[in-house]
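Here's a quick walk through one model, strand by strand and side chain by side chain. Have a look at it first.

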Amino acid sequence: MALHPILIHPDPRLKKPSDPVTDLSDDLRRLADDMLVTMYDAPGIGLAAPQIGVNTRLIVMDCIKEEGAAPRPMALFNPEVIAASDDTNVYEEGCLSIPEIYADVTRPREVTVRWIDRDGVAQEDTFDGLWATCVQHEIDHLDGKLFIDYLSPLKRQLITRKMVKLKRDRARDSA
Ligand code: NI
C-alpha cells in the first residue's frame, strides 16, 4: 500500500467530472486501499479519487470519531445519492485539498446512497449526521465540485488566493 500526494486547490483535476467505474479490477481495489491509507495518514474522514489525481468515481470514508471505537473504513465505487431529506443540517466543513480552511455548508440532513462495494456488490444505505455530510462532500468531488463552491464568490476568491500562496510556499520549501 502506498501513500499518494493530495492535490491542493486550485487544480484542474479537482474541477473535472470523474468517469464511472465499469470494471472493478484489482488495480481499483488497490487504489481504494491506497486512498484509505492516505486518508487516515492525512488525517481525514473522507477522500475522493480526484484528490489524488485520478478522475474515477471512487470515494473512501470513515467518520468514526469516538476515541477507542472500531474503525469503519468504507470504499464506494460509483456512489450516487438516490434520495435526500428536505430537512437540512449545517456543518463546518473542511477538505484535505483546501488545508486549514473551514466554513459552514448547508446540506440535506439525511441521504440514501447507492454504490458498488469492493466485492462488486450493489449496496444501498441511508446516512445521517457527519456521515451524511461527508458522503455528499465526497460525491461532490466526483462532479468537480468543492465545498467552497457553496460559499459567496468573494469568500471563494479569498480562499483560492490563500491556496495559491500556500502552494507557492510549499513549492519553495521543497525546492
Ligand atoms: Ni474534500
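Val81 has Val113 in β6 as its bridge partner. That bridge sits between β3 (residues 74–84) and β6 (residues 110–116), an antiparallel couple joined by five bridges; strands count as paired if DSSP finds at least two bridges. Helices (H or I, at least four residues) and strands (E, at least two) are DSSP runs, numbered from the N terminus.

This is a predicted model, with pLDDT of at least 70 needed for local features and 80 or more for side-chain atom pairs, while totals for chains, interfaces and linings use all residues. Numbering starts from 1 along each chain as its sequence is written, and side-chain values use heavy atoms, leaving out hydrogens and water.

The open sheet runs β1-β2-β3-β6-β7, with antiparallel pairing. Because β1 and β7 (122–128) stand at the edges with a single partner strand each, one side of each has no neighbour in the sheet.

Now for Arg57, in the loop between β1 (46–48) and β2 (58–61). It counts as buried because its relative accessibility is 14%; the cut-offs are under 20% for buried, over 50% for exposed and partly exposed in between (1.4 Å probe, protein chains only).

| Side chain | Backbone oxygen | Distance |
|---|---|---|
| Arg57 | Ser18 | 3.2 Å |
| Arg57 | Leu142 | 3.2 Å |

Finally, the nickel ion: Cys95 (SG), His137 (NE2) and His141 (NE2) coordinate it at 2.1 to 2.3 Å. Donors are N, O and S atoms within 2.8 Å of the metal (3.2 Å for Na, K and Ca), and with water not among the atoms, sites may look incomplete. Cys95 in β4 (residues 88–95) and His137 in α3 (residues 129–142) are 42 residues apart, and both are buried.

Terms used:
A polar contact is a pair of N or O atoms within 3.5 Å; within protein, one must be able to donate a hydrogen and the other to accept it, and residues adjacent in sequence count only if both atoms are side-chain atoms.
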